[in-house]
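Please read it beside the sequence and the structure shown below.

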Amino acid sequence: MREPILRKIQAAVRVGTYEVTVPHFQEELIEDDLTLADAETAILRGRINRTYSADPRGTRYRIVGPATDGRLVAVVVRIKPTGIPLLITVYVEAAEGA
């Protein structure tokens, strides 16, 4: 069930038909020294590893994948009622044992 959702999100990222939460998403990029390209790469090369379905605003998907520099990044995405993916937050995954 996750693969069709992931493919939909990845297709939107490829053509730039997604949105980000402003200013939260942008602030999180800066806080973790990431770029939009890092978030896009993580989505394009990553996998959904968690689904949050209890949110009344809609199901959120946590996608984890490598950034452009190889760091492991998580991006949380929701599909808006319009069908457009909304990138909610992004962060560098903590290293094991850290």
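A polar contact is a pair of N or O atoms within 3.5 Å; within protein, one of the two must be able to donate a hydrogen and the other to accept it, and residues adjacent in sequence count only if both atoms are side-chain atoms. In this predicted model, such a contact, at 2.8 Å, joins the side chains of arginine 62 and tyrosine 91. The chain forms an open sheet of five strands with mixed pairing, in the order 1-5-4-3-2. Helix 1 (residues 2-15) lies across strand 2, strand 3, strand 4 and strand 5 of that sheet.

**The sheet**

- Strand 1 (19-20) and strand 2 stand at the edges of the sheet and have a single partner strand each, so one side of each lacks a neighbour in the sheet.
- Strand 1 and strand 5 run parallel and are joined by two bridges; here valine 20 stands opposite leucine 87 of strand 5.
- Strand 2 (residues 47-52) pairs with strand 3 in the antiparallel sense, over five bridges.
- Two bridge pairs linking to strand 3 can be named: isoleucine 48 has isoleucine 63 as its partner, and arginine 50 has arginine 62.
- Strand 3 also pairs with strand 4 (residues 72-79), in the antiparallel sense and over seven bridges, with valine 64 opposite alanine 74 of strand 4.
- Strand 4 and strand 5 are likewise antiparallel, paired over seven bridges, and isoleucine 79 stands opposite proline 85 of strand 5.
- Strands of a sheet pair through backbone hydrogen bonds, in a parallel or an antiparallel manner.

**Hairpins**

- The hairpin of strand 3 and strand 4 has five residues between the strands, and glycine 70 takes a positive phi near 95° there.
- Strand 4 and strand 5 form a hairpin that has five residues between them, with glycine 83 in the turn at a positive phi of about 95°.

**Burial of the strands**

- Six of the seven residues of strand 3 are buried, so the rest of the structure largely encloses this strand.
- Strand 5 is also largely enclosed by the rest of the structure, because six of its eight residues are buried.

**Helices**

- Helix 1 runs at about 110° to strand 2.
- Helix 2 (residues 24-31) lies across strand 1, strand 4 and strand 5, and runs at about 20° to strand 5.
- The axes of helix 1 and helix 3 (residues 36-45) come within 9 Å and cross at roughly 140°; the crossing is left-handed.
- Leu6, Ile9, Gln10, Val13 and Arg14 of helix 1 make this contact with Glu40, Ile43 and Leu44 of helix 3.
- By class, the contact between helix 1 and helix 3 comprises five nonpolar, one polar and two charged residues.
- In helix 3, the buried residues are Asp38, Ala39, Thr41, Ala42 and Ile43.
- The cover over the buried residues of helix 3 includes helix 1, helix 2, strand 3, strand 4 and strand 5.

**Arginine 62**

- Arginine 62 lies in strand 3 (residues 60-66).
- The relative accessible area of arginine 62 is 11%, and a residue counts as buried under 20%, so arginine 62 is buried.
- Apart from neighbours within four places in sequence, arginine 62 is in contact with Arg47, Ile48, Asn49, Arg50, Tyr52, Ala74, Val75, Val76, Tyr91 and Glu93.

**Aspartate 55**

- Aspartate 55 is found in the loop between strand 2 and strand 3.
- Although located in a loop, aspartate 55 counts as buried, because its relative accessibility is 13%.
- Apart from neighbours within four places in sequence, aspartate 55 is in contact with Arg60 and Arg78.

**Leucine 6**

- Leucine 6 belongs to helix 1 and counts as buried, because its relative accessibility is 1%.
- Leaving aside neighbours within four places in sequence, leucine 6 is in contact with Ile43, Gly46, Arg47, Ile48 and Ile63.
- Leucine 6 is 71 residues from valine 77 in sequence, and the two are 9.9 Å apart in space, C-alpha to C-alpha.

Notes
Residues are numbered from 1 along each chain as its sequence is written. This is a predicted model: local features need pLDDT of at least 70, side-chain atom pairs count only at pLDDT 80 or more; totals for chains, interfaces and linings use all residues. Side-chain values use heavy atoms; hydrogens and water are left out. Axes are lines fitted to C-alpha atoms, for helices over the stretch in contact, and angles run from 0 to 180 degrees between N-to-C directions. Helices (H or I, at least four residues) and strands (E, at least two) are DSSP runs, numbered from the N terminus. A crossing is left-handed if the near helix is turned anticlockwise from the far one by less than a right angle, and right-handed if clockwise. Contact means heavy atoms within 4.5 Å. Ala, Val, Leu, Ile, Met, Phe, Trp, Tyr, Cys and Pro count as nonpolar, Asp, Glu, Lys and Arg as charged, and the others, Gly among them, as polar. Buried means under 20% relative accessible area, exposed over 50%, partly exposed in between (1.4 Å probe, protein chains only). Two strands pair if DSSP finds at least two bridges between them.
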